Amino acid sequence: MAEDQATAAMETTTVEKQPEMTETPSVTTTKRIMVAIDESDSSFYVLQWVIDHFSSLLATTLAEGGLLTVIHVQSPFQHFTAFPAGPGSATVYASSSMIEAVKKSQQKASAALLSRALQMCRAKQIRTETLVLEGDAKDMICQAVEQMHVDLLAVGSRGLGKIKRAFLGSVSDYCAHHAKCPILIVKPPKETH
Amino acid sequence: MEETKERKIVVAVDESEESMEALSWSLDNLFPYGSNNTLILLYVKPPLPVYSSIDAAGFIVTGDPVAALNKYEHELVESVMARSQTVYQDFESDINIERRVGRGDAKEVICNAVQKLRADMLVIGTHDYGFFKRALLGSVSEYCAKRVKCPVIIVKKKAQNN
């Protein structure tokens, strides 16, 4: 009877239905999905999109489900700055207390970002882990993908460089070219359409 | 509580091995059990060279070369579709599959099709044209990733798994 319905459903655009199997397909390996987060809203949109679409795969209720890794890369703090201060521009070295202060505020900022991300994940019961790295965002993300054997990397399209043209931001573009795994590019929805 | 929202996923296929890998990847990952998603296989035929009835040498091109070209094209489409079929036929669960064939410049046709079909996602492989060891994006996948409004998944050739 299922086959009659299938043939009846076949129309001009050759729609095919596969015969239904009884068992659920077993998840053989743990799927690892990595989402790159920064301060921009579009990266959180990406996270929400991944949560919505892959919730069945990443749910904590599954015994061997997937794992969502939220990664945040802090830009390295330059320990010195050069001020063009008059005739003899001197290189000013930041004092150690200043370094501590900036590091603390950076850590606070990334902790806030990650807790926001974790909140979004916990709302949908997603198995999540977070990762904070320091360095150049594009290199660190690609390295992390390689070392952690990520199955899918999700990036936004524009992030911090908000140029109003339809092209990829520099980090997304670099990752799309160099990451060793399949890459998912999520564009933010246009507000004015 | 699962929401079975119906999603349209376009997978662009061509004669390459990478696009078959993109197809099998999307079957593995984007069609969990119980989902209502539709897979749309899109194959773009290269544009036909325009034949005028009288070519430069002054000979009238008869119907035979054109017919032969059409037949070759038809066979190409069939072979790509057959290869895709072997990929999805092994797949267990219940999914809807539509096949569409376009003609013309691949990147333009893919972008237009995604827009017209209002697809929710595009999956595309990439040819490894790079001279360097690192995989570069092929021009079609890069163009489509930048142009289309919906999320794009670019599947690259698997590096050697250790």
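Author: Let's begin with a definition: helices here are DSSP runs of H or I with at least four residues, strands are runs of E with at least two, and both are numbered from the N terminus. The model itself is predicted.

Reader: Thanks! With that in hand, in what order do the elements of chain B run from the N terminus on?

Author: They follow the pattern β-α-β-α-β-α-β-α-β. In total, chain B has four helices and five strands.

Reader: How much of chain B is buried?

Author: Of the 162 residues in chain B, 43% are buried.

Reader: What share of the contacts in chain B with a separation of 6 or more joins residues 24 or more positions apart?

Author: That share is 75%.

Reader: Now for single residues. Why is A:Val46 called buried?

Author: The cut-off for buried is under 20% relative accessible area. A:Val46 has 1%, so A:Val46 counts as buried. This residue lies in helix α2 (residues 41-53) of chain A.

Reader: And what does A:Val46 touch, leaving out residues up to four places away in sequence?

Author: Its partners are A:Val35, A:Ala154, A:Val155, A:Gly156 and A:Val186. Take A:Ala154 as one of them: A:Val46 and A:Ala154 are 108 residues apart along the chain, yet their C-alpha atoms are separated by 7.0 Å.

Reader: Which residues of helix α5 in chain A are buried?

Author: In α5 (residues 137-147), they are A:Met140, A:Ile141, A:Cys142, A:Ala144 and A:Val145. Their cover includes the chain A strands β2 (32-37), β3 (67-74), β6 (128-134) and β7 (152-156), along with helix α6 (170-178).

Reader: How do α5(A) and α6(A) cross?

Author: Two packed helices are described by the angle between their axes and the distance between the axes. Here the axes come within 9 Å and cross at roughly 35°, and the crossing is right-handed. On the α5(A) side, the contact is made by A:Ala137, A:Lys138, A:Asp139, A:Ile141 and A:Cys142. The α6(A) side brings A:Ser170, A:Val171, A:Tyr174, A:Cys175 and A:His178.

Reader: What makes the phi of A:His149 worth a remark?

Author: Most residues other than glycine have a negative phi. A:His149 has a positive one, near 50°. This residue follows α5(A), in the loop between α5 and β7 of chain A.

Reader: Is A:His149 buried or exposed?

Author: Exposed means over 50% relative accessible area. A:His149 has 55%, and therefore A:His149 is exposed.

Reader: How do you know that B:Arg118 counts as exposed?

Author: Its relative accessibility is 70%, which is over 50%, so B:Arg118 counts as exposed. B:Arg118 lies in the loop between α3 (106-117) and β4 (121-125) of chain B. Its phi, too, is positive, near 50°.

Reader: Why does the charged end of A:Arg116 count as sitting over the ring of A:Phe44?

Author: The rule asks for CZ of Arg within 6 Å of the ring centre and within 35 degrees of the ring normal. The charged end of A:Arg116 is 3.8 Å from the centre of the A:Phe44 ring, so the distance passes, and the pair is listed as sitting over the ring. In chain B, the charged end of B:Lys107 sits over the ring of B:Tyr143, 5.8 Å from its centre.

Technical notes
Residues numbered from 1 in each chain as written. Chains lettered and ligands numbered in written order. Predicted model: local features only at pLDDT ≥ 70, side-chain atom pairs only at ≥ 80, totals over all residues. Heavy atoms only, no water. Buried < 20%, exposed > 50% of the residue type's maximum accessible area, 1.4 Å probe, protein only. Contact = heavy atoms within 4.5 Å. Axes fitted to C-alpha atoms, helices over the stretch in contact; angles between N-to-C directions. Left-handed = near helix turned anticlockwise from the far one by under 90°.
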